[in-house]
Amino acid sequence: MKTQMLLAAEGEHNPIVPEPAEIVVGLVAFGLLLFVLWKFAVPRFEKIYAERSERIEGGIAKAEAAQADAQRTLEQYKSQLAEARAEAARIRDDARAEGQQILEEMRTQAQTESERIVSQGQSQLAHQRAQIVAELRADLGRQAVDLASRVVGESLEDESRRRGTVDRFLDELDATSAPAESAKP
């Protein structure tokens, strides 16, 4: 320590303390640098900052507009969905009603067709019965004539006599069977 003081006393320059000329040059350079930054760099930074702020605010505004538009679209979608559901329910109800109507028409048609078939069957049965009765009458008449010819011993070949005899016999047979049939019901 003594040596350092001796050096300082001799007039040598202390490296820790700057020279006054260096301080002045440093202050002038710093002032120039500050002036250049203030004149050119700070306005540019301000401009970039303002542009960024505008873009961010514009982006926020666009996002809010997009969100509002999305909300409107969502409400329209919900409205259309509700309308579609109501329409589907109406169509389903119409289809059920139409199905019931078709079912009733089919039942009516089936009933009508059934009645027609039954009527046609009864008509056919009546026709067949009449045909069978006529065949049986003719056959019974022939057999009655043959039997009567054998009993009487003479030929009943005369057509008019034979028809008269057969018709009289069948009328008597019908007369005796008619009271028995009317007593059945």
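The following legends describe close-up views of a predicted model of one protein chain.

**View 1. The chain as a whole is built from helices and has no strands.**
The chain contains three helices and zero strands. Read from the N terminus, its elements follow the order α-α-α. Of the 185 residues in the chain, 3% are buried. The chain exposes about 16500 Å² of surface, and carbon and sulfur atoms supply 60% of this area.

**View 2. A nonpolar patch on the surface is formed by Val24, Val28 and Leu32.**
Together, these residues have about 280 Å² of accessible area. Leu32 belongs to helix H2, which comprises residues 20–152. The relative accessible area of Leu32 is 54%. Leu32 is therefore classed as exposed, because exposed residues are those over 50%.

**View 3. Asp69 and Arg72 form a salt bridge.**
Side chains of opposite charge can pair when their charged atoms come close. In this pair, the closest N and O atoms are 3.3 Å apart, so the contact falls within the 4 Å limit for a salt bridge. Asp69 and Arg72 are three residues apart in helix H2, and about one helical turn therefore separates them. Asp69 has a relative accessibility of 40% and counts as partly exposed. The count for the model comes to six salt bridges.

**View 4. Glu87, Arg90 and Asp94 are linked in a network of salt bridges.**
Within this network, the side chains of Arg90 and Glu87 meet in a salt bridge with an N to O distance of 2.3 Å. Both Arg90 and Glu87 lie in helix H2, where they are three residues apart, or about one turn of the helix. Are these two side chains buried, exposed or partly exposed? Arg90 is partly exposed, with a relative accessible area of 41%. Glu87 is also partly exposed, with a value of 36%.

**View 5. Glu104 and Arg107 are joined by a salt bridge.**
What distance separates the closest N and O atoms of Glu104 and Arg107? These atoms are 2.9 Å apart. Glu104 and Arg107 both lie in helix H2. Glu104 counts as partly exposed, at 40% relative accessibility.

How values were computed
Residues numbered from 1 in each chain as written. Predicted model: local features only at pLDDT ≥ 70, side-chain atom pairs only at ≥ 80, totals over all residues. Heavy atoms only, no water. Helix = DSSP H or I, 4+ residues; strand = E, 2+ residues; numbered from the N terminus. Buried < 20%, exposed > 50% of the residue type's maximum accessible area, 1.4 Å probe, protein only. Areas by Shrake-Rupley, 256 points an atom, 1.4 Å probe, with all protein chains shown as cover. Patch = residues over 30% accessible without salt bridge, like charges linked within 9 Å, V, L, I, M, F, W, Y side chains within 5 Å.
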